[in-house]
Each structure stands twice: as C-alpha cells, then as structure tokens.
Amino acid sequence: MIEIHDVSLTLGEQQVLRRVSFQVAEGATTVILGGSGSGKTTLLRLMLGLYKPTSGFIRIGGEDITEFSETDLTRIRQNMGMVFQGAALFDSLSVRENVGYRLWEHHLQPDEDIHRIVEDNLRFVGLEHVIDKMPAELSGGMRKRVGIARALASGAAILLYDEPTAGLDPVNTFAIGQLIARLKTKGVTQVVVTHDLDTAYRVADRIVMIVSGRILFEGTAQDLRNCRDQSVREFLDPASAVTA
Amino acid sequence: MIGYAAVVQDFTFLCGKTLAALARPPWYIRETIFQMDRIGVGSIFIVVLTGLFTGMVLALQGAVQLEPYGATMYVSRLISTSVVRELGPVLAALMIAGRVGTGIASEIASMKVTEQLDALRAEGTDPLQKLAATRLVACVLVIPLLTIITNGVAILGGWLIARLYLGIDSFFYWTWAFEALRQRDLVLGLIKPAVFGFLIAMVGCYSGFSSRGGTVGVGVSTTQAMVSGSILILAFDFFLTKLFMAIP
C-alpha cells in the first residue's frame, strides 16, 4: 500500500503541493487527474523518492521513505517500476537491453532467464518484433509500450505511469489503456497520472483530482461523474464551463 | 558573488560524492573501459596533430631566437623542456576538454532533459556511479597517456623541422632533447595531465548534471563545460607549476 500523508512540497519559490493526503490500496489502480502544472507528476516523483516532501510523509509498503537515503530508496525502488512521460528509454541501449536493464544491472536472474523475461514482456506489450532495435527507431507509442515492458520486466509490484497516453493516437491510447487494465487483473498496484478522462474511467478503481497542488476530489469513477463541484465540472466538461 | 560561491560549493560536493562513489560497489568496469576507449582512442588523432604542429612551430620560432647566439643546434632542448613541462600537458588537455569535456556535458544534460537520469535512479542505479565515476576514472587514466603521445609527437615534429629545414644532425637533436629533461619534469608532466583529466571529467559531469531549461540548457551546459574546463586547466597549470617549483 502507498500512503501519502499531509504532503506539501515547495520547489524554489513555488509551492507545488499543499497538504495532499490519500492512499493507494494494494492491487488497486488509482488515477491522478488534473490539468497541466497541477502537481501530478511531482506526486509520482515523490512516491519514487526522486523528491523529498517539504512536510508530511510517504509510506510505501508500511515504510516511511521520507528520510530514506539513496541506498534505502534503491531497495524500495526495486519493487517499483515507473513509465515516464517521454518513456525515458536509454538511447545507447537496444530495446532488449532497456527492458532487461534492471535485471542485468543488479544480477537478479541468470542471463538466459533475463532474455526469456525480456521476450515475454515485449510479447505482453505486443512488441516482440522490435527487440533488437534502438529506441531512436521506434515511434512514440512503441517507446511508451517498451517503457511499460521495462517497468514490468523487473516484476515490480507497484507501477507508476506518468501521462502514459499523452501525445498518442487513439489506437495507441486504447492499447495502453488495455495494458493497464490487463495488469489490474494480475494484482499489480498502479498509479496512473493522466489528464485523459477516457483512460481514467476505463482503468481506475479510485480517482484523485488535483488542482493547483490541492486535492479537489477523491472517489470512484462513478462518484466523479456525479460530482457537482464547479471546479471539477469545469475540468470534466470545459466546453459547458466556457459557454456558462 | 553568492551565485559563484554556490557553484563552487556544488562542484566541490559533486567531486566529493563522485570520489565516494568510487569507493563502493558496483564498479562499472566494462563501462569504464568503454569510456577509456571512447576518450582515449577517440582523441589520439587530435592530440597527434596538436603535438606535431606545436613541435614544428616551436622548432621554427626557437631557431629564430637562438640563431643570434649561434645556438640553433640546441633547439631540441627548448622543444623538449617546454613541451614536456608545459605545452604538451596544457595543449593536450585543452584539446581534450573541447572534445571530451563537452561530450560528457552534452550527453548527461541530454539524459537529464529526456528523464533518463530519473529513469536510471528509478531502476536502482546511482547516476554518479554509472556516469560520473566511470568517466572520471577513464579521464584520469587516459589523459596522461594521451599527453605522453602529444609530447612524443611534438618532439618528433621539432626533429622534422630541425632535420629538414634547419639542417641539425639527428643524433645531436635527440641527445640534447633527452639530456635537457630532468626526472621531475617527467613526473610533473604526468601529474599535471592526471589533474587535468580530473578537472575535465568533473566539469563535464557538473555541467551536465546541473543543466536546466530543456534543449537550450544542453547547449549552455556544453559551452559551460568548454569555458570552465579550459580556464580551470590554465589556472591549475599555474598553481601546479608554482607548487613544484617550490619543492626543492
């Protein structure tokens, strides 16, 4: 389980998050919705220990990671995978080496097993045919799916997605939504940061909406549809807000 | 002023953390060897050209200065001492700073812009160990070797001019070239490039890791690596020379 408790974060002069609290249950998929610059990505980075909160704390699997050293964070991260907005594949490595990076890096499996795991995960995201290509040879959608395969290959129990469908065509957006939905059935704990409502409704067990660093809404997809809060309605249906 | 002090402080911290990273596993030996190949073998051509033309120019200019005293035949003394003590290490380091230091800065800055540094951390890899420590070791080991090549080629270039243009006997040239060198010249000539290697690697890494502002920041980091690296090389050359001169 992931617990975010009363977390605030100030970067430079700017207060990015203000007293944010919510929990992500084990095996559940939580979607964090919000507009650009609302602090969604920052929240993911806090969960991964890439930033430290100015106040409040974050617990991952019962451990407070707020004051963890980089060495302790490395241990926690071994159980987590992150799909970055731009995929963040390592340019100098092939798709195979990218997907198996963590396993090779930390000698977690014998070489033959790593090759098999890499192939299995690329097959899962439908990209086994690009295994020996370099990231520069892939399309945006392919890169995102390789990013997901990389996050999955390590057998992480927690997956964090930063805008997994941003900039993708409807076909790729649907494919990635499908992947996240399939992982739900495998019991993987997932946190998906997005501003894509369709994907959010399809995959979310719970939805958290953040505006200007504050939580504006927390509940199920059905609760969100029924929510009458003016700011929430503006995000869900900007056209009607403009007309009004 | 406070800004400059902060930069010096951050740079010092980065150097300290990178040295500390060298002391703990994992040690990326394959990556270090790859960097040694990229930095060392990749720079041979430019240091050979640098050495060759430096030696040839020194022979031409030195002969003009020595001719009024009838000492043109001793031009090899001038070439070997000035190259081994100063010009070889400094010119090689400046050329390598331009090629390698900027390469390190732009590579790391690009990785930062494309979130690859965060991805490394997310995958449980310390970027200082994987990127900075490997490049530091490679530069400190390889740049002295490149300097030896520069020195050798410079003295050889001087010989070409001495033999073909000044008509100096080869035996005389080489005898005086080595006669003029002292053991401490050779030691200093190897310590300096090792220090310059440290500076080139760390300035490149610092410029890359501290990059800000997207792709524009990559360009700024690259320029910063070149300018700061070159100035530090020249400044440290002065201080190291002064230090060695003070040792009896």
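Confidence comes first. The model scores ipTM 0.87 and pTM 0.88. Chain A averages a pLDDT of 90, and 98% of the residues score at least 70. Among the elements of chain A, helix α11 (residues 238-243) has the lowest mean pLDDT, 65. Helix α3 (residues 95-99) of chain A has the highest, 96. Where pLDDT is low, the predicted coordinates should not be read in detail. Chain B averages a pLDDT of 94, with 100% of the residues at 70 or above. Within chain B, the lowest mean belongs to helix α1 (residues 2-22), at 91. The highest belongs to helix α5 (residues 127-164) of chain B, at 96.

Chain A contains an open sheet of four strands. The order is β2-β1-β4-β5, and the pairing is antiparallel. Strands β2 (14-24) and β5 (63-64) of chain A stand at the edges. Each has a single partner strand, so one side of each is left without a neighbour in the sheet. Strand β1 (residues 2-11) of chain A is joined to β2(A) by seven bridges, and the two run antiparallel. In this pairing A:I4 stands opposite A:F22 of β2(A).

Strand β3 (29-33) of chain A has other partners. β3(A) pairs with β8(A) in the parallel sense over five bridges. Here A:V31 has A:V192 of β8(A) as its bridge partner. β3(A) also pairs in the parallel sense with strand β9 (residues 206-211) of chain A, over four bridges. A:L33 is bridged to A:M209 of β9(A). Five of the five residues of β3(A) are buried, so the strand is largely enclosed by the rest of the structure. In a regular strand the side chains alternate between the two faces of the sheet. In β3(A), A:T29, A:V31 and A:L33 point one way. A:T30 and A:I32 point the other way, and all of these residues are buried.

Helix α7 (residues 170-185) of chain A packs against this region. The helix has 16 residues and reaches 23 Å from its first C-alpha to its last, close to the 22 Å expected at 1.5 Å a residue. A:T173, A:I176, A:G177, A:L179, A:I180 and A:L183 are buried in α7(A). Seen down the helix axis, the buried residues of α7(A) fall within an arc of 155°, so they line one face of the helix. An α-helix has 3.6 residues a turn, so residues three or four places apart point the same way. On the other side of α7(A), A:P170, A:V171 and A:T185 are exposed. The buried residues of α7(A) pack against β3 (29-33), α6 (140-153), β7 (158-162), β8 (189-194) and α8 (197-203) of chain A. Just after α7(A), A:G187 takes a positive phi of about 80°.

Several backbone features lie in loops. Most residues other than glycine have a negative phi, and most peptide bonds are trans. Phi of A:A87 is near 75°, a positive value in a residue other than glycine. A:A87 lies in the loop between β6 (80-83) and α3 of chain A. Having 25 other C-beta atoms within 10 Å, A:A87 is buried. A:E163 also has a positive phi, near 45°. A:E163 is placed in the loop between β7 and α7 of chain A. With 22 C-beta neighbours inside 10 Å, A:E163 counts as buried. In chain B, the peptide bond from B:P25 to B:P26 is cis, with omega near 5°. B:P26 lies in the loop between α1 and α2 (29-66) of chain B.

Chain B has eight helices and zero strands. Along the sequence, chain B follows the pattern α-α-α-α-α-α-α-α. The C-alpha trace of chain B spans about 70 × 35 × 35 Å along its principal axes. Of the 248 residues of chain B, 47% count as buried. Among contacts in chain B between residues at least 6 apart in sequence, 88% join residues at least 24 apart.

The two chains meet at an interface. Here 15 residues of chain A are in contact with 11 residues of chain B. Helices α2 (70-77) and α4 (101-105) of chain A each supply at least two residues of the side of chain A that touches chain B. By class, that side of chain A has seven nonpolar, four polar and four charged residues.

Definitions and conventions: Residues are numbered from 1 along each chain as its sequence is written. Chains are lettered from A and ligands numbered from 1 in the order in which they are written. Two strands pair if DSSP finds at least two bridges between them. The expected span of a helix is 1.5 Å times one less than its number of residues. A residue is buried if 20 or more other C-beta atoms lie within 10 Å of its own, exposed if 12 or fewer, and partly exposed in between; C-beta atoms are placed from the backbone. The arc is that of the directions from the helix axis to the C-beta atoms. Two residues are in contact if their C-beta atoms, placed from the backbone, lie within 7 Å. Ala, Val, Leu, Ile, Met, Phe, Trp, Tyr, Cys and Pro count as nonpolar, Asp, Glu, Lys and Arg as charged, and the others, Gly among them, as polar. pLDDT is the predictor's confidence in each residue, from 0 to 100.
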